[in-house]
Amino acid sequence: METDAWNAEAHEWAHRIREGMGGRVHLHDASLFELLPSPRGLTVDAGCGEGRLTRELASRGYEVVGIDASTALVDEAPAADPKGRYEVASIDALPFADGAVELAVCVNVLPHVHDLGAAAAELVRVLAPGGALLIGTIHPVAHAGKHDEERGELRITDYWAREREAVPLGEHTVHHERRTIEDYLTTLLGAGFALSALREIPGPTGKLPLYLDLLLARRE
């Protein structure tokens, strides 16, 4: 199971995130924060990991709960956020009543989600009508071939190869689902969302898209 790998690497991953991973973890924070709606009601950080974004949202005045499927990652969160609220749950089985959430945030998570349709349906269920979903994810073209961030070079070999890609995580392996922008939007809009904003965020050289940010609203 993917959660086994995350559980095994949780402590090292938390250390890397808190050390900044060379700053790249925070590369597109500015875009995400510009897209954030104002605090209102309950916010869920779905796939919170060790809690970096949950902590940031709380510091900005959001009433936020961090959710992750990895027990070990959730256990890491209180070390940096003793007063924070964190729960173990998967993105397709969230522990909230229908319509109880005003904002769901899902950053650097969706490539790890194997059943995007189930996740989208669950996010629609917990969001109040008009509630917002903010997604930040690796840009699909960055998965579509050889991507050299430092040199600003991308060789696309097959953008439409919707396949599961093995990704090393310490001594373990997790998997990313390769999807196109169309795949994301078709699934999310079909689940009951409306698109409010779309942004493509460049990598360090400014030459290539590295992240894709989507702001959506649950249709009334």
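Biologist: Where is Asn108 found?

Modeller: Asn108 sits in the loop between strand 4 and helix 5. Helices (H or I, at least four residues) and strands (E, at least two) are DSSP runs, numbered from the N terminus. This is a predicted model, where local features need pLDDT of at least 70, side-chain atom pairs count only at pLDDT 80 or more, and totals for chains, interfaces and linings use all residues. Residues are numbered from 1 along each chain as its sequence is written, and side-chain values use heavy atoms, with hydrogens and water left out.

Biologist: Why does Asn108 count as partly exposed?

Modeller: Its relative accessibility is 34%. Buried means under 20% relative accessible area, exposed over 50%, and partly exposed lies in between (1.4 Å probe, protein chains only).

Biologist: Why is strand 1 called largely enclosed?

Modeller: Because 5 of its 5 residues are buried. Leu42, Val44 and Ala46 point one way, while Thr43 and Asp45 point the other way. In a regular strand the side chains alternate between the two faces of the sheet.

Biologist: What makes strand 2 largely enclosed?

Modeller: Strand 2 has 5 buried residues out of 6, so the rest of the structure largely encloses it.

Biologist: What joins strand 1 and strand 4?

Modeller: They share 3 bridges, in the parallel sense. Three meets the requirement of at least two, so this is a pair as well. In strand 4, Leu103 stands opposite Thr43.

Biologist: In what order do the 7 strands form the open sheet?

Modeller: The order is 3-2-1-4-5-11-10, with mixed pairing.

Biologist: What makes strand 3 and strand 10 edge strands?

Modeller: Each of them, strand 3 (85-88) and strand 10 (193-202), pairs on one side only. From one strand to the next the twist averages 20 degrees. Angles run from 0 to 180 degrees between N-to-C directions, and axes are lines fitted to C-alpha atoms, for helices over the stretch in contact.

Biologist: Which strands does helix 4 touch?

Modeller: Helix 4 (residues 71-80) packs on the sheet against strand 2 and strand 3, at about 170 degrees to strand 3. Helix 6 lies across strand 5, strand 10 and strand 11, running at about 155 degrees to strand 10.

Biologist: Which of the 35 residues in the largest nonpolar core touch the most other members?

Modeller: Ile91, Phe96, Leu110, Leu133, Ile135, Leu188 and Phe193 do. A nonpolar core is a set of buried Ala, Val, Leu, Ile, Met, Phe, Trp, Tyr and Cys residues joined through side-chain atoms within 4.5 Å. Helix 5 gives the largest share of this core, 6 residues. Apart from it lies another core of 14 residues, including Leu53, Tyr62, Val107 and Ala132.

Biologist: Setting aside neighbours within four places in sequence, what is Phe96 in contact with?

Modeller: Its contacts are Leu42, Val44, Val65, Ile67, Arg85, Val101, Arg125 and Val126.

Biologist: Which residues of helix 3 are buried?

Modeller: In helix 3 (residues 52-59), they are Arg52, Leu53, Thr54, Arg55 and Leu57. Gly61 follows helix 3, with a positive phi near 95 degrees.

Biologist: Why does the radius of gyration agree with a compact globule?

Modeller: The rule is 2.2 Å times the number of residues to the power 0.38, and the radius is taken over C-alpha atoms. For 220 residues that gives a value near 17 Å, and the protein has 17 Å, so the two agree. The C-alpha atoms fill a box of roughly 45 × 40 × 30 Å along the principal axes. Buried residues make up 49% of the 220.

Conventions: Contact means heavy atoms within 4.5 Å.
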